[in-house]
Amino acid sequence: MTSLEILSQYWGHKQFRPLQEDIINSILDGNDTLGILPTGGGKSICFQVPAMVMDGICIVISPLIALMADQVENLKQRGISAIAINSMMSNREIDVALDNCIYGSVKFLYLSPERLKSELTLVRLAKMKINLLVVDEAHCISQWGYDFRPAYLQIASVREILPDVTILALTATATNKVRKDICEKLLFKNEKIIVKSFLRNNLSYVVINEENKQKKLLSIIKNVKGSGVIYVRNRRSTASVSAFLNKNGIQATYYHAGLNHEIRNKVQKQWMDGEKPVIVATNAFGMGIDKSDVRFVVHLDLPDSLEAYYQEAGRAGRDEKKAYAVLLYDSVDKSTFLQKSFEHFPTSKNISEVYHKIGSFLKIAVGAGNMESYDFNIVDFCTSFKLHPILVYNVAKYLERDGYLQFNESAFRPSTIKFVANKEIIYSFIIANEKYENVIKTILRSYGGVFDNFISINENILIKRLNISKLELINNLNYLQKQNILVYEPLKDTSQIVFLSERFSSDRLSIDYPFLTEQKKRLELKVNGILKYIDSRSICRSKMLLSYFDEKNSLDCGVCDICIEAKKNNLSAIEFETYSTNLTSQLSIKPSMIQEALKWYPEIKEDKKIKIVQFLVDSGRLQLDDKNILSLKTKANKK
């Protein structure tokens, strides 16, 4: 089947979005490809379609367990076999899943980058017929990226066992420096970089210095009808801002990584379905969320970087209709932002102390713990040792970089079941143990494939069907496991730490001082980038963001707060809208000499009309040639 036939059959689309087909064709031609598509650009289609065209299995390296789970579920709903492996799974689950990839019909295997450190995984990969290796969120591989993740450096080693497999790297944000670094770190051959412009024509960027941010927030929500996201820095603020909005007649809910899985799912569904049109969230919300009709994204706190801001703001207006990205700040925010950006930057002493306290807290002996996963309650840990959670998190990121451990915040794995006894043994067991017949048969009727794979289950659904208590169900499942009828892995919804090497003693922990110094310089650049963005009063917001991502010759957007202010310079809003609307309408019929165009609408003074024409030309909406003929700037003459 062709790419377009695959797209139509499984996704129901008749054509690709801009650049998707270019990336797909590059892969099918055997080029190692870096695809850069802004948030909402449809990156997953770029590897899912060509992987379906080719024989074999596609390996996808992804940094987030939740994102992997979402994509696997999405593929399964389309009738495509997919599996995700992560640190939350038992050794038996991993073993079965990898065997299914070698001997079964699995088309997509999702792995965390840390999994590539496992010898078992590498040996099994070498036995698979792999058609494509995909690196999602590829900016994580670059030390210049905004979310550098050291485990990504392990990916290049896979090329030793898969030398002829094509690689596709995907990300939404990458400067030229990051792009170059990605290609070098992944050892690209037949390199091809395909970049979609970061320009969002329909998105109006607005920065407002406002002392009463909550009052301004109400005004924005009431004036911009539709669904929206409000980003705040901490979990406590999500609840308080949501309560404030509900008190003022706005249906709102809140989301952060500390909520349990069931609540997070419920909240997300309420927002997706429009039951609660506004969601207040930390930056834990948004990755992998596909809601096209978001009309506004408001930041009540300064974001960590322009990359993070662009991604979060870009969740508005994916349907290409008018949307707003608003950043609100007050006189205190800048100083607080500067202080908090650096106060928890780890020193070498911090790194050594936190590492050894983690080992003590988890009761891991020196020399033990290699590739072992441990439940880790960061609140209890920080309370026990009187440490700040942000400092601990930052130290954990450093320890990841040097391969000591991996920290998964609020990682989630649902309960799973797999029958390990065959049908004849199960039949004999039921005859001898009638009290378990209903449980076994209900599971078999409720879930398919339980003899082949570990299948996610929902205990609440089973207890309703069986009309028993949850405790009774769990006791039954545990008994069946003891009798080797099935394997039951109960739900986990907690933070996890994976020791990627044995626990080292104090004198063997190596601190990379030059790296720490370089990281602090990078942090300073990111902080200054945000401050420059909010302080600007003369440069188009869109133009600043595009320049940051190395699109240097962009035009003014015409719709951000800076551009709108420029429009209104010595002009009333009515004058600007009246003349510009009618001017473009007349020029859509026929181009005109500028001298003639300036005679239209004599009730507006000529000097004001000249300013409007100049603005429309500068912003790329009109074109003035060397013969002074004014015309609309169409796609043809933009080239």
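This is a predicted model: local features need pLDDT of at least 70, side-chain atom pairs count only at pLDDT 80 or more; totals for chains, interfaces and linings use all residues.
Strands of a sheet pair through backbone hydrogen bonds, in either a parallel or an antiparallel sense. In this model, seven strands make up an open sheet with parallel pairing, and their order is β3-β4-β2-β5-β6-β1-β7. At the edges are β3 (82–85) and β7 (192–195), each of which pairs on one side only. Neighbouring strands of the sheet are turned against each other by 15 degrees on average, with direction ignored. Within that order, β5 (residues 130–135) and β6 (residues 167–171) are joined in the parallel sense over three bridges. Valine 134 has leucine 168 in β6 as its bridge partner.

Another parallel pairing involves β8 (203–209) and β13 (residues 323–329), which are connected over seven bridges. Serine 204 has tyrosine 324 in β13 as its bridge partner. Six of the seven residues of β8 are buried, so the rest of the structure largely encloses this strand.

The loop between α11 (306–313) and β13 holds glutamate 320. Its phi is near 70 degrees, a positive value in a residue other than glycine. With a relative accessible area of 57%, glutamate 320 is exposed. A second residue of this kind is asparagine 484, in the loop between α19 (470–482) and β19 (486–489). Here phi is near 60 degrees, again positive in a residue other than glycine. Asparagine 484 is exposed, at a relative accessible area of 55%.

The cysteines come next. A search of the whole structure turns up zero disulfides. Cysteine 140 counts as buried, at 2% relative accessibility. For cysteine 560, the nearest cysteine sulfur is that of cysteine 563, 3.7 Å away, and cysteine 560 is in no disulfide. Cysteine 560 is buried, with a relative accessible area of 0%.

The aromatic residues can be read through their ring geometry. A pair of aromatic rings is described by the distance of the centres and the angle of the planes. The count for this model comes to 22 aromatic pairs. One of them joins phenylalanine 198 and phenylalanine 549: the ring centres are 4.5 Å apart and the planes are at 10 degrees, so this pair is stacked. The pair links distant parts of the chain, as the two residues are 351 residues apart. Phenylalanine 198 is in the loop between β7 and β8, while phenylalanine 549 is in the loop between α21 (541–548) and α22 (561–567). Phenylalanine 198 is buried, with a relative accessible area of 1%, and phenylalanine 549 is buried as well, at 0%.

Phenylalanine 376 and phenylalanine 381 form a tilted pair, with 5.2 Å from centre to centre and 50 degrees between the planes. Phenylalanine 376 counts as buried at 1% relative accessibility, and phenylalanine 381 counts as buried at 0%. Ring pairs also link Tyr355, Tyr374, Tyr404, Phe499 and Phe504 into a cluster.

Charged side chains also lie over rings. Lysine 291 is placed over the face of tryptophan 271, at 5.5 Å from the ring centre. Arginine 541 has its charged end over the ring of tyrosine 533, 5.4 Å from the centre of that ring.

The last stop is serine 631, in strand β24 (residues 629–632). Is serine 631 buried or exposed? At 14% relative accessibility, serine 631 counts as buried, because the limit for buried is under 20%. Which residues is serine 631 in contact with, leaving aside its neighbours within four places in sequence? Its contacts are Leu587, Pro591, Leu622 and Gln623.

Terms used: Residues are numbered from 1 along each chain as its sequence is written. Side-chain values use heavy atoms; hydrogens and water are left out. Two strands pair if DSSP finds at least two bridges between them. Helices (H or I, at least four residues) and strands (E, at least two) are DSSP runs, numbered from the N terminus. Axes are lines fitted to C-alpha atoms, for helices over the stretch in contact, and angles run from 0 to 180 degrees between N-to-C directions. A disulfide is a pair of cysteine sulfur atoms within 2.5 Å. Buried means under 20% relative accessible area, exposed over 50%, partly exposed in between (1.4 Å probe, protein chains only). Rings of Phe, Tyr and Trp (its six-membered ring) pair if their centres lie within 6.5 Å; planes under 30 degrees apart count as stacked, over 60 as edge-to-face and the rest as tilted. A charge sits over a ring if NZ of Lys or CZ of Arg is within 6 Å of the ring centre and within 35 degrees of the ring normal. Contact means heavy atoms within 4.5 Å.
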